[in-house]
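Trainee: I have a new model open on my screen and would like to learn how to read it. Could you walk me through a few features?

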Amino acid sequence: MDSIVVKFALPALVAFAISAPPAAAIEQNCRFIQAKPEREACYKRQEDELAAKRRPAAPANDGTTLETLRQMRQDDDAVYRSINNICRGC
């Protein structure tokens, strides 16, 4: 029974993958839109998408990074203090 499912499911998945349009093909070409308000709205959407792609990623939480570094420094200091109390030559 499993072989029957595999025989039919695999070709169906391959056919679906081939028939599905790629994401780049879905992109709309605004200059072919006849109505001016719709065409301008299309241009505006494309401009907004392009601006979003060009915008640099926001930096991670600087406050948490600073706190993390501060905590690491405190941990390091505690380790160094405990190492200093060890007699290495005894």
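Trainee: Is Ile-86 buried or exposed?

Mentor: Buried means under 20% relative accessible area, exposed over 50%, and partly exposed in between (1.4 Å probe, protein chains only). Ile-86 has 53% relative accessibility, so this residue counts as exposed. Remember that this is a predicted model, where local features need pLDDT of at least 70, side-chain atom pairs count only at pLDDT 80 or more, and totals for chains, interfaces and linings use all residues. Residues are numbered from 1 along each chain as its sequence is written, and side-chain values use heavy atoms, leaving out hydrogens and water.

Trainee: Where does Ile-86 lie?

Mentor: Helices are DSSP runs (H or I, at least four residues), numbered from the N terminus. Ile-86 sits in the segment after α4 (62-84).

Trainee: How many disulfides does the structure hold?

Mentor: A disulfide is a covalent bond between the sulfur atoms of two cysteines; the criterion here is a pair of cysteine sulfur atoms within 2.5 Å. There is 1 disulfide in the structure, and Cys-30 and Cys-42 are its partners, with S to S 1.8 Å. The pair links distant parts of the chain, 12 residues apart: Cys-30 is in the loop between α2 (23-26) and α3 (36-54), and Cys-42 is in helix α3.

Trainee: Why is the disulfide left-handed?

Mentor: Because the torsion about the S-S bond of Cys-30 and Cys-42 is about -65 degrees.

Trainee: Are these cysteines buried or exposed?

Mentor: Cys-30 is buried, at 1% relative accessible area, and Cys-42 counts as buried at 2%.

Conventions: Helices (H or I, at least four residues) and strands (E, at least two) are DSSP runs, numbered from the N terminus.
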